[in-house]
Amino acid sequence: MDRESLISLYRQMLLIRVFEDRAAEMYAKAKIAGFLHLYNGQEAIAVGAVSALNPDDEIVVNYRDHGWALARGCSARAVMAELFGRATGTTGGRGGSMHLVDVSRHFWGGYAIVGGHLPLAVGLGVAAQYLGTGRVTLCSMGDGSTNIGTFHAAMNWAKLWNVPVIFVVENNQYAMGTAYEVHSAVPMLTKAAGYDMYAEEVDGMDVMAVREAVCRAAERARNGLGPSFLNMVTYRFRGHSMADPDVQRSKEEIAEWRKRDPITRFADEVLLKRGLVTQADLDAIRKSVEEEVEDAIQFADQSPEPPLESLYDYIYMQPVSNMQIGGSLIRPPKLGGRVAPNGKR
Amino acid sequence: MPEITYREALKRALREEMQRDPTVVIWGEDVVAYAGGGAYGVTAGLAKEFPGRVRDTPIAEEAIVGVGLGAAMGGLRPVCEIMTVNFTLVAWDQIVNHVAKQSHMFNGQIKVPMVIRTPNGHGRTAATHSQNFDAWFASIPSLKVVAPATPYDAKGLLKTAIRDDDPVIFLEHLQLYSTRGEVPDEEYLIPIGEADYKRRGKDLSIITWGRMTIESLKAARILAEEGIDVEIVDLRTLRPLDVPTILESVRKTNRAIVVEEGWRTGGLGAEIAATIQEQAFNYLDAPVARVAGLEVPMPYARNLERATIPFAEDVVEAARAMMRNEY
């Protein structure tokens, strides 16, 4: 990779980190509601993986999706606006934090039912295979999703039909609050071995290691060698979500993992060590990232809420002729029903 | 017009749409090899006609639906067969949380042109294999749900469902597969969302769908001999409901019986009855009545099974009572 590209990886990781820290602040200020699953600590995975893929390769992820959206090129403005529930967000405020999406960037969304998105990732891969597009589908998941039925159904199907899909386990070692050894009977790679699937264990705190592993897996998929399984060992620096008091993990354990921070590590071991940047360069990058996120917050805060009239949009992509009238159905009727189309009672 | 079976009508729809559009594929358990194609023979022979496009899958309904969903997002038009409606429960998360959420939650960025075909039904198969979840499917925003009663409707609706850009739950029925009816050789489509008058009458409206349409038609013949002239509205589509047609019929006859095969509590009949009283209360000469399945897990024993499912005589009895003003 050239200097520019390496600096870009750093900037993307830092953007995610600063974005998440500011999002946490906005959550505390009640600008953001519901669940907010932050990506701190895992930045190297999204950034390294996206850098290894083509722009038209498909990406499907779970609900810890801000980092993936930003790495894939969604603007900090659109992502923050979505967290704020505003019309300018990635889904116009429909999906919120857990359901970011940008199909124009082949980012097919964050999915919030653990393991629920694995079959559809295989399906995207089957479509690419059938249509001969040469696209690879990357599907990320947490370690906690490797015990549910859809995981095994998707692994089996992917191997059976030789689907060009890369399963990336963001193994942060906790299924919400439950430690890996409490929730899983076997080591992670044994699960891939059960389906005779090509697998690697990857240092998920090392952006270059992630990138290289995904490059190898994508190459295999493009060459007709089928699915891969990458166990990326990582750690999240915050709780499961903003609702998590994070009392089950020891302070010592968290401190130990923080020493392996993927961002400072990349700066120290690659950028500074190879003389690609000076500390002043890094400070300038931080400043520009902070400005970008501040701008995103201002943008989100000033954006309008989605219009009430849009509530029924896209209930169907192909509307049915007489569905506006009637009963409990699509649009409540003006007479006889309780709710008028403008939402007022 | 030539008469063919409901099963053959479905197969013709599949064949015609596969000939028309190379992105239409069929995936499901035993749709290729078993007994020549399909547990109930609907896909028999299609795998040979369309190599690589009809594929057997693992017994993993959550994956059949989920992989179909992803393929639909990625540019195919999958027709996923779930062997019976009972097994859709395994895929319920996929259907409700994913298939039905994509278009609206992702603000129109994703469309899901897929069909999930699955039969209702019973036949001495006991509680876990003799169920009816029409009302559950019909309560989910963003799904389209159809339940054809005749070979003609089955063919026209399946062709439309395959071409539709939204996910369609296509409810067939084990007891209908071998029934026969007229189906023209020429191509035709039936729009989703339109009910059909299967019989015109003036005394009372029977609102129904699926197998109960056939039972209601039998009932109508018996009632006609007694001088009771019933109108039968076959909904054909359960979501979105064709409320205008329901109301049109009830405003004419002033009496309504909703006939459904599934459990009464929380059934679609309750929804329809509520809608009628909300929007046509002043036209009613009698409370809206319901004929429904009895609320027990289906027993295996012949006599108990028969007692649980509604038949024509239950419809006849309800209609007689309504015309005698017994309610």
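Start with the second largest pocket: select B:Arg264, B:Arg290, B:Val291, B:Ala292, B:Leu294, B:Ala307, B:Thr308, B:Ile309, B:Pro310, B:Asp314, B:Glu317 and B:Ala318, which line it. A pocket here is an open set of points on a 1 Å grid over the protein atoms alone, where a 1.4 Å probe fits, with protein on both sides within 12 Å along at least five of seven lines; lining residues have an atom within 4 Å of a point. This is a predicted model, where local features need pLDDT of at least 70 and side-chain atom pairs need 80 or more, while totals for chains, interfaces and linings use all residues. Residues are numbered from 1 along each chain as written, chains are lettered from A in the order written, and side-chain values use heavy atoms, without hydrogens or water.

Now colour β14 (289-293), α11 (302-308) and α12 (312-323) of chain B: each gives this lining at least two residues. Helices (H or I, at least four residues) and strands (E, at least two) are DSSP runs numbered from the N terminus. The pocket's volume is about 190 Å³, meaning the space filled by probe spheres set on points joined across faces, edges and corners. Colour by class and you'll get seven nonpolar, one polar and four charged lining residues. Ala, Val, Leu, Ile, Met, Phe, Trp, Tyr, Cys and Pro count as nonpolar, Asp, Glu, Lys and Arg as charged, and the others, Gly among them, as polar.

Next, hop over to the largest pocket, with about 390 Å³ of space. Select A:Tyr63, A:Arg64, A:Val114, A:Met176 and A:His240, the closest to its centre of the 24 lining residues.

Last stop: where the chains meet. In contact (heavy atoms within 4.5 Å) are 52 residues from chain A and 59 from chain B. Pick out A:Tyr130, A:Trp157 and A:Trp161, which supply 15% of the area chain A buries against chain B, more than any other three residues. Buried area is the accessible area (1.4 Å probe) that two parts lose on being put together, summed over both; here it is about 4400 Å², with 65% from carbon and sulfur atoms.
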